[in-house]
Amino acid sequence: MSANREQFGSRLGFVLAAAGSAVGIGNMVGFPVAATKNGGGAFLLIYTLFVIVICLPVMVAEMALGRSTQKDPLGAYNKLSDNATGWKIAGWLSIITPFMIAVFYLVITVWIFGYLTQAATGNLDSLADPNTFGTFINGPSIFGYMVVVLGIVYFILQGGVKEGIEKASKTLMPALFIMLVALVIFVLTLDNAFAGVKYYILPDFSAINASVVSAALGQAFFSLSLGMGIMITYGSYLGRENAVPGSAKLVAMTDTAVAFTAGLMILPAIFSFNPDTNTADLSDSSVGMIFTFLPKIFLALQTTIGYVGASAVASIFFLLVFFAAITSVVSIIEVPVAALMGEKQFSRKKALSTLSIVLIAMVIISATSFGMISFFTEFTQYAGATKSFFDIIVDVFYDTILPLNGLLVCIFVIYRWKKANFDAELEAGDPEYKGSFFEKYVNFSVGTFIPVILFLIFVNTVAIKFFGTSLIG
Ligand code: PHE
């Protein structure tokens with residue numbers, strides 16, 4: 001099987017694809033807003049520290065697992081554990097988790113595509129109306145947008161690793177960088193822009209508490225696409241002559257740089273609209289920011305650059321977020337695709353069409369759980385709140401299982417696969433790694449405090465999400 005396994009054409013292709021996965025909706029809006037609300041520069045520091053100290057070693061571990069086994073996550077766990085039943089569960093979790101996260105992420109991507117289309121066709125004024133979002137997500141047009149988005153994702157994935165994923169990443173990622181930089185330059189020329197930059201960057205350490213620290217780690221973990229089997233799968237398409245640690249560093253750096261730069265786009269725009277903005281004005285959720293807050297700000301630009309100019313800026317923004325989202329969706333769906341191909345010997349086409357059927361059903365259920373169908377909207381109740389089908393996916397898979405998967409990868413790599421094998425795998429293709437401080441650090445941290453921290457996060461999330469009580473204040 002592995003003799004003719006698909007591969008990325010170059011290391012650059014791999015890095016761009018992995019960075020494409022990592023750079024997503026979370027980077028564009030989630031990160032800047034979380035940073036601004038939680039201590040500005042102080043949050044940036046903690047976040048960066050977590051990326052380097054905790055997330056990077058986990059990413060290295062996931063990529064090494066994939067490259068060594070040349071298998072999808074389930075196959076990787078099976079191969080290195082001699083099919084042990086316990087590890088099969090970890091393998092299954094790393095297939096089911098991305099599938100479920102794909103469902104909720106696709107719903108948001110469909111909305112973004114809808115807003116992009118509306119902004120580009122002259123309807124920015126209606127998008128800026130606070131009532132539009134509620135009507136839009138419960139209206140029939142989302143099904144049309146859904147067809148187009150799923151069509152694009154299908155088209156990219158049916159092309160395979162090199163002609164599909166790699167090619168798309170090589171086109172979309174540079175376009176994304178250019179649009180991001182162009183928007184930053186543009187917003188920095190607006191009145192009061194620098195008040196926004198100051199607000200974003202000046203550190204306020206008094207805002208830091210245990211829950212901010214834990215949110216920063218959660219954000220970093222999700223942003224780097226960890227715990228979803230993605231880096232295992234992409235790693236399995238990497239030849240042994242390519243450096244894993246060096247590539248992981250580039251991916252983490254790109255992801256963090258894009259998240260930081262996105263703040264330089266969002267905050268100045270908000271402050272030029274209202275120089276007296278304070279953190280309470282900023283919506284807590286990325287969804288609230290993208291779909292109700294920001295359209296209002298884009299529309300306000302019409303006083304300086306006219307309606308067409310304002311619509312152009314809004315369209316570029318939504319296109320940017322859409323590109324970021326598409327490369328993430330592609331990476332996450334590739335995980336179950338790879339699993340069906342690897343474990344069931346399905347062809348790529350058969351794997352994709354089988355998955356599409358289930359995925360479409362789940363996306364429709366989730367998309368209608370915002371009021372359109374009350375059975376899915378009021379699906380169940382726990383921790384004192386009514387939860388929709390969409391909420392459950394977010395609570396269970398995104399918030400809870402993600403850190404658990406990270407924890408399982410760490411333990412598996414060090415204690416089952418064994419540190420010596422892991423280390424040898426990382427040395428292959430990366431001469432600079434051997435004997436480096438980073439090597440010692442990875443070998444130590446992945447087997448010790450990283451799984452402990454991920455375990456604490458997991459337990460605390462279960463307490464908060466399902467029992468309505470936090471263990472860390
Ligand atoms: N890293 C992505 C983000 O920040 C998260 C993600 C990756 C979501 C892959 C889905 C699939 O938005």
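Let's start with Gly 164. Gly 164 is buried, at 4% relative accessible area. Buried here means under 20% relative accessible area, exposed means over 50%, and partly exposed is in between, with a 1.4 Å probe and protein chains only. Gly 164 sits in helix H9, residues 160–188. Helices are DSSP runs of H or I with at least four residues, strands are E runs of at least two, and both are numbered from the N terminus. Gly 164 and Tyr 154 are 10 residues apart in sequence. In space, their C-alpha atoms are 9.6 Å apart.

A word on the model. It is predicted, so local features need pLDDT of at least 70 and side-chain atom pairs need 80 or more, while totals for chains, interfaces and linings use all residues. Residues are numbered from 1 along each chain as its sequence is written, and side-chain values use heavy atoms, with hydrogens and water left out.

Now helix H1. H1 covers residues 11–22, which is 12 residues. From first C-alpha to last, H1 reaches 16 Å, close to the 16 Å expected at 1.5 Å a residue. The expected span is 1.5 Å times one less than the number of residues. How much of H1 is buried? 10 of its 12 residues are, so H1 is largely enclosed by the rest of the structure. Among them are Gly 13, Phe 14, Val 15 and Leu 16. Ser 21 and Ala 22 are also on the buried list.

Those last two lead us to the ligand. Which residues come nearest to the ligand? Of the 15 around it, they are Ala 22, Ile 25, Gly 26, Tyr 105 and Ser 223. To be near, a residue needs a heavy atom within 4 Å. The shell draws on several helices. H1, H2 (25–37), H11 (210–223) and H15 (302–344) each supply at least two residues.

Next, polar contacts. These are pairs of N or O atoms within 3.5 Å; within protein, one must be able to donate a hydrogen and the other to accept it, and residues adjacent in sequence count only if both atoms are side-chain atoms. A polar backbone atom of Ala 22 is 2.7 Å from a nitrogen atom of the ligand. For Ser 21, a backbone N or O atom lies 3.3 Å from a ligand nitrogen. Asn 27 uses a polar side-chain atom, 3.1 Å from a ligand oxygen. Taken alone, the ligand exposes 320 Å², and the protein buries 100% of that. Those areas come from the Shrake-Rupley method with a 1.4 Å probe; for residues, only the protein chains shown count as cover.

On to the backbone. Ser 225 has a phi near 60°, a positive value in a residue other than glycine. Where is Ser 225? In the loop between H11 and helix H12 (230–235). Ser 225 counts as buried, at 2% relative accessibility. Lys 418 also has a positive phi, about 90°, and is not a glycine. Lys 418 is found in helix H18, residues 389–427. Is Lys 418 buried or partly exposed? Partly exposed, with a relative accessible area of 46%.

H18 also holds Leu 404. Leu 404 is buried, at 17%. Leu 404 and Gly 227 are 177 residues apart in sequence, yet 7.5 Å apart in space, C-alpha to C-alpha.

Here is another pair. Cys 55 lies in helix H3. Cys 55 is buried, with a relative accessible area of 0%. Cys 55 and Gly 218 are 163 residues apart along the sequence, and their C-alpha atoms are 10.0 Å apart.

Last stop, Lys 71. Lys 71 is in the loop between H3 (41–69) and H4 (73–80). Lys 71 is partly exposed, at 28%. The C-alpha atoms of Lys 71 and Leu 319 are separated by 33 Å. Along the chain, Lys 71 and Leu 319 are 248 residues apart.
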